[in-house]
Amino acid sequence: VRINGGLEPAEANPADTLLRLLKRGRAAVESVQGEEKSGSTLIAALIQNRKLYFLSVGDSRISLYRNGGLIQLNREHVYGRQLDDMATNGMIDMQSAKSNKQRQALTSYIGKSGMIDIDRNVRPIELYPGDKVVLVSDGVYGTLRDAEMTELLKRPAEEAAAAIEKAVMAKQAPRQDNMTVIVLQIEQ
């Protein structure tokens, strides 16, 4: 959906635009669901005047690559986060939290009935020349370590995205999950 290209009018607040688009996405998924419930994760970035707004539902990640470092901006909506909170609060031991086989189970996604968790920023993140905004699915960050991604992100955006894809495929992970990678580079 293009925002200022004639299809969707931009709102005064880009964070509100992302929420409105999320609402439309949820309605579209719910309109095609039959008896069998399914859904999707969502991650979106809107850059306006070198300011980044983002929104996520599910377990995909959005990160900022700046000055050679990779900073994760959102949290995954997975059961593991709840388990870690329970361990921190003494409700279960840390070993039980870390070894739970359901750690990666989604706790929020588009298509889930009722309330969903949304990660977003309402204050923009200022972007500078050379910054890269990196959007990846769990099939990428679940296969590559942050250090591997950081090394590959030293390249120009298009080359970095292709190198990340190639590195994930080279791992030949037996249960490779979906793989999506988008790298947006801020120019001078």
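Predicted model: local features only at pLDDT ≥ 70, side-chain atom pairs only at ≥ 80, totals over all residues.
View 1. Asparagine 67 sits in the loop that joins strand S3 (61–66) to S4, and its phi is near 50°, a positive value in a residue other than glycine. Such a value deserves a second look, because most residues other than glycine have a negative phi.

**View 2. Asparagine 49, in the loop between strands S1 and S2**. Here the loop lies between strand S1 (42–48) and strand S2 (51–57), and asparagine 49 within it has a positive phi, near 55°, although the residue is not a glycine. With a relative accessibility of 67%, asparagine 49 counts as exposed.

**View 3. Tyrosine 65, a buried residue of strand S3**. The relative accessibility of tyrosine 65 is 7%, so the residue counts as buried, the limit for that word being under 20%. Once its neighbours within four places in sequence are set aside, the residues in contact with tyrosine 65 are Leu70, Gly130, Asp131, Lys132, Val134, Thr150, Leu153 and Lys154. How far apart in space are tyrosine 65 and valine 183? Their C-alpha atoms are 9.5 Å apart, while 118 residues separate the two in sequence.

**View 4. Histidine 77, a buried loop residue**. Histidine 77 belongs to the loop between strand S4 (69–72) and helix H2 (79–88), and its relative accessible area is 1%, which means that it is buried. Leaving out residues up to four places away in sequence, histidine 77 touches Ser56, Val57, Gly58 and Asp59, then Ala105, Leu106, Thr107 and Ser108, and also Asp117, Ile118 and Asp119.

**View 5. Helix H2 and its buried side**. The buried residues Gly80, Leu83 and Ala87 belong to H2. They cover an arc of only 60° around the axis, and therefore lie on the same side of H2. This can be understood from the geometry of an α-helix, which has 3.6 residues a turn, so that residues three or four places apart point the same way. Helix H3 (94–99) is included in what covers the buried residues of H2. After H2 comes glycine 90, with a positive phi near 75°.

View 6. Which residues of H6 are buried? They are Ala157, Ala160, Ala161, Ala163, Ile164 and Val168. Glutamine 172 follows H6 and has a positive phi, near 45°.

**View 7. A nonpolar patch on the surface**. Ile47, Ile182 and Leu184 form this patch, and together they have about 210 Å² of accessible area. One of them, isoleucine 182, is placed in strand S8 (residues 181–185). Is isoleucine 182 buried, partly exposed or exposed? Its relative accessibility is 40%, so it counts as partly exposed.

Notes: Residues numbered from 1 in each chain as written. Heavy atoms only, no water. Patch = residues over 30% accessible without salt bridge, like charges linked within 9 Å, V, L, I, M, F, W, Y side chains within 5 Å. Areas by Shrake-Rupley, 256 points an atom, 1.4 Å probe, with all protein chains shown as cover. Salt bridge = Lys/Arg side-chain N within 4 Å of Asp/Glu carboxyl O. Helix = DSSP H or I, 4+ residues; strand = E, 2+ residues; numbered from the N terminus. Buried < 20%, exposed > 50% of the residue type's maximum accessible area, 1.4 Å probe, protein only. Contact = heavy atoms within 4.5 Å. Arc of directions from axis to C-beta.
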